[in-house]
Amino acid sequence: MAEEPVNVNGFRELARQTLPKMYYDFFTGGAEDQYTLKENEEAFHRITIQPKILVDTSSIDLSTMVLGYSISMPVMIAPTSRHKLANPSGEIATARAASTCNTIMVLSISSTCTLEEVAACCNAVRFFQLCVYKRRDITAKLVQRAENNGYKAIVLTGDSPRHGRREADIKNKIIIPELKNVEGLLSTKIVTDKGSNLDALANQTRDPSFTWEDIGWLKSITKLPILIKGVLTHEDALKALEVGAAGIIVSNHGGRQLDYCPPTISVLEEVAGGSCCWWKSSGFPGWRSAARNRYFQGNGSWSTSCPSRKAGSVWTSCKGRKWS
């Protein structure tokens with residue numbers, strides 16, 4: 001019998017032993033040479049903690065607020081796709097875990113359970129992650145469904161006009177389940193002899209022409225606050241503020257999108273302009289990294305996903321910000 005995991009790396013090893021290689025590679029792999037994927041974790045190893053001693057730790061409160069919602073700790077669940085490849089309950093199990101831990105789940109547009117199924121399964125606070133399709137009417141319907149089913153924010157992924165070249169998926173010729181959220185709206189039966197059908201699907205359906213100027217359209221179809229995910233520069237943080245985003249997610253997509261971009265923890269201070277209201281890191285390799293992030297920036301909030309994603313995202317609120 002396998003040993004009980006004592007940290008996140010233990011769960012990663014269990015996944016390696018249990019999942020089909022195609023699916024394990026999908027969850028753990030990065031883009032191209034996987035430089036950014038590796039650097040996301042190595043960047044944490046270069047951060048050390050200088051503790052203060054003899055302070056009162058008899059009562060510790062990790063709770064914080066995110067967009068007005070109280071959560072038990074500065075850790076959230078980032079948007080990751082296709083959970084049923086790892087567990088038959090899929091995103092429903094993830095949402096229930098978020099509810100049990102009193103934290104927020106960001107549901108991926110590419111989930112293997114519908115957004116309605118996830119909304120009905122528990123009372124977790126949920127955000128909905130969005131990629132904009134070439135057919136804007138389908139995008140609008142998804143946003144409306146999220147709003148009607150009690151999701152509290154839209155998380156717009158801005159760093160994926162095309163799908164990252166994930167070479168393990170190409171070698172494995174990965175075949176993915178159809179996307180539940182667009183059943184009856186968009187054909188996702190993509191046949192390709194060139195490797196990953198995930199690549200082909202994303203590149204045929206996503207709108208590569210979507211820009212900052214289109215954020216106004218997205219704001220016009222929903223009352224929900226919009227967070228912009230994929231920011232890695234102070235310049236783009238300023239643009240997010242200008243277009244009225246409620247927050248930004250400093251993210252390199254877990255090293256799965258554009259290889260050789262910097263690890264998110266290394267650009268956090270630049271992006272936040274020296275001060276930060278809230279921030280989060282997605283896919284950190286363990287709780288020790290979470291603690292280092294908390295010490296490093298202080299006053300923030302986190303998101304985690306698959307343990308292999310190596311700290312791919314951090315987020316900050318734009319509310320009340322006056323960056324320069």
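This note sets out numbered points on the structure shown above.

1. Basis of the note. The model is predicted: local features need pLDDT of at least 70 and side-chain atom pairs count only at pLDDT 80 or more, while totals for chains, interfaces and linings use all residues. Residues are numbered from 1 along each chain as its sequence is written, and side-chain values use heavy atoms, with hydrogens and water left out.

2. Overall content. The protein chain has 12 helices and 10 strands. Helices (H or I, at least four residues) and strands (E, at least two) are DSSP runs, numbered from the N terminus. Of the 324 residues of the chain, 55% count as buried. Buried means under 20% relative accessible area, exposed means over 50%, and partly exposed lies in between (1.4 Å probe, protein chains only). Among contacts with a separation of 6 or more, 70% are between residues 24 or more positions apart; a contact means heavy atoms within 4.5 Å.

3. Strand E6. In strand E6 (residues 154–157), Ile 154 and Leu 156 point one way, Val 155 and Thr 157 point the other way, and all are buried. Strand E5 (residues 125–130) runs parallel to E6 and is joined to it by 3 bridges; two strands pair if DSSP finds at least two bridges between them. Gln 129 stands opposite Val 155 in E6. Between E5 and E6 the chain passes through helix H6 (residues 136–148), and this β-α-β crossover is right-handed. The term right-handed applies if, with the strands pointing away from the viewer, the path from the first strand over the helix to the second runs clockwise.

4. Strand E7. E6 also runs parallel to E7, with 4 bridges joining them. Thr 157 has Lys 229 in E7 as its bridge partner.

5. Helix H10. Which residues of helix H10 (residues 234–242) are buried? They are His 234, Ala 237 and Ala 240. These residues lie on the same side of H10, because they cover an arc of only 110° around the axis; the arc is that of the directions from the helix axis to the C-beta atoms. Glu 235 and Glu 242, on the other side of H10, are exposed. The cover over the buried residues includes strand E7 (226–231), strand E8 (247–251) and helix H11 (264–272). After H10 comes Gly 244, with a positive phi near 90°.

6. Thr 103. This residue is located in the loop between helix H4 (91–100) and strand E4 (104–107). Thr 103 counts as buried because its relative accessibility is 6%. A polar atom of the Thr 103 side chain lies 2.4 Å from the backbone oxygen of Val 75. Neighbours within four places in sequence aside, Thr 103 is in contact with Ile 71, Met 73, Val 75, Met 76, Ala 98 and Val 125.

7. Cysteines. How many disulfides does the structure hold? The number is 0, where a disulfide is a pair of cysteine sulfur atoms within 2.5 Å. Cys 121 is in no disulfide, and its nearest cysteine sulfur, that of Cys 122, is 3.6 Å away. Cys 121 is buried, with a relative accessible area of 17%, and Cys 122 is buried with a value of 17%.

8. Glu 3. Is Glu 3 buried or exposed? Glu 3, in the segment before helix H1 (8–18), is exposed, with a relative accessible area of 71%. Its C-alpha atom is separated by 9.1 Å from that of Leu 14, 11 residues apart along the chain.

Key: A polar contact is a pair of N or O atoms within 3.5 Å; within protein, one must be able to donate a hydrogen and the other to accept it, and residues adjacent in sequence count only if both atoms are side-chain atoms.
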